[in-house]
Amino acid sequence: MFHRVTLRQAQYYTFRLGMSLSSVAHNGKPTREGGYTAEEYVRRPDHTPQTGQDEPEKYILALHTDLVHHKAVTALRNAHFPANINKLSAHVALFRALPGSQLSTIQASILHIAQNHNTFTISTGEPFLMAHGVGLHAHAEPAKEIFRTLKDQWGGFLSKQDQSFRAHYTIQNKVEGSVAQKCLEDIRSGPHRFEGSTGTVTGLSLYLYDRGYWTMKHTYPFSVEKEVENTQLVDGKDEEKWPSLGASTASN
């Protein structure tokens with residue numbers, strides 16, 4: 001159950017703790033560091049689905065890219081994200097709080113999109129300052145159309161946060177302004193300047209959100225595929241084509 005807290009306490013939990021000490025290990029089992037526990041997590045009102053009822057299960061829909069691109073952006077994130085709270089690899093989320101009560105509708109919509117969609121190119125753009133970190137623009141025009149199509153179908157129950165979409169990777173979060181500014185400059189023109197990465201979006205992935213934890217629910221590869229030159233399979237395992245986001249929270 002959620003604890004009843006004051007606004008100040010809620011702000012403290014969501015920013016300072018920021019779900020950042022919770023994680024899911026690669027084996028899918030929850031792990032925790034420090035004193036933060038899932039029971040202390042407080043979800044912000046604008047991140048709550050508009051279904052008029054309590055939603056104990058919420059889901060995240062994210063783009064799935066080829067492995068080479070995924071590793072390149074994740075390496076950049078790992079270089080700048082505070083190591084003690086970095087539990088998630090790089091990702092582009094389309095929706096972050098899909099209600100479990102609408103899961104059958106949600107899955108049917110995603111499946112229809114996947115069965116009738118081509119793979120498409122994604123490329124990184126310029127870095128930008130976020131409230132407490134640095135993001136990296138992602139150029140993937142078809143992702144905007146996917147978002148608009150699903151928003152038209154799901155608009156009646158989406159959270160305020162999920163009413164808009166800006167394709168980006170979070171490279172750094174939960175840091176002071178001076179640290180974020182240094183990261184921005186480093187990515188743009190510093191000794192570790194990021195040269196950018198271009199890859200292919202090969203499908204969509206749906207994750208179960210559990211008060212800070214992400215657990216894979218299902219992957220939806222695009223059925224109309226083109227050849228992906230920079231997709232590398234290791235020992236022929238499908239999970240190499242569908243790289244795991246690892247383990248962490250939707251706040252990142």
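This is a predicted model: local features need pLDDT of at least 70, side-chain atom pairs count only at pLDDT 80 or more; totals for chains, interfaces and linings use all residues.
Apart from neighbours within four places in sequence, His 218 is in contact with Leu 204, Ser 205 and Leu 206. Along the chain, His 218 and Tyr 207 are 11 residues apart, and their C-alpha atoms are separated by 7.1 Å.

## The chain as a whole

The chain contains six helices and nine strands. Of its 252 residues, 50% are buried. The chain exposes about 12600 Å², and carbon and sulfur atoms supply 49% of that area.

Contacts can also be described by how far apart the partners lie in sequence. Among contacts between residues at least 6 apart in sequence, 77% join residues at least 24 apart.

## Leu 206 and its surroundings

One of the contacts of His 218 is Leu 206, a residue of strand β8, which spans residues 198-210. Leu 206 has a relative accessible area of 0% and so counts as buried.

Leaving out residues up to four places away in sequence, Leu 206 touches Tyr 59, Ile 60, Leu 61, Leu 98, Leu 103, Gln 107, Ile 110, Thr 215, Met 216, Lys 217, His 218 and Tyr 220.

His 64 and Val 201 are 137 residues apart in sequence, with a C-alpha to C-alpha separation of 5.6 Å.

## The packing of α3 against α4

Two packed helices are described by the angle between their axes and the distance between the axes. For helix α3 (residues 103-115) and helix α4 (residues 141-154), the angle is about 150° and the axes are 11 Å apart. The two helices are therefore roughly antiparallel to each other, and α3 passes α4 in a right-handed crossing.

On the α3 side, the contact is made by Thr 105, Ile 106, Ser 109, Ile 110 and Ile 113; on the α4 side, by Ile 146, Thr 149, Leu 150, Gln 153 and Trp 154. By class, this contact has six nonpolar and four polar residues, and no charged ones.

Most residues other than glycine have a negative phi. Lys 174, however, has a positive phi of about 60° although it is not a glycine. Lys 174 lies in the loop between β7 (168-172) and α5 (177-189). With a relative accessibility of 18%, Lys 174 falls under the 20% cut-off and therefore counts as buried.

Gly 177 is placed in helix α5. Its relative accessibility is 54%, so Gly 177 counts as exposed. Gly 177 and Met 130 are 47 residues apart in sequence, and 9.3 Å separates them in space, C-alpha to C-alpha.

Definitions and conventions
Residues are numbered from 1 along each chain as its sequence is written. Side-chain values use heavy atoms; hydrogens and water are left out. Axes are lines fitted to C-alpha atoms, for helices over the stretch in contact, and angles run from 0 to 180 degrees between N-to-C directions. Helices (H or I, at least four residues) and strands (E, at least two) are DSSP runs, numbered from the N terminus. Angles under 35 degrees count as roughly parallel, over 145 as roughly antiparallel, 65 to 115 as roughly perpendicular and the rest as oblique. A crossing is left-handed if the near helix is turned anticlockwise from the far one by less than a right angle, and right-handed if clockwise. Contact means heavy atoms within 4.5 Å. Ala, Val, Leu, Ile, Met, Phe, Trp, Tyr, Cys and Pro count as nonpolar, Asp, Glu, Lys and Arg as charged, and the others, Gly among them, as polar. Buried means under 20% relative accessible area, exposed over 50%, partly exposed in between (1.4 Å probe, protein chains only). Accessible areas come from the Shrake-Rupley method with a 1.4 Å probe; for residues, only the protein chains shown count as cover.
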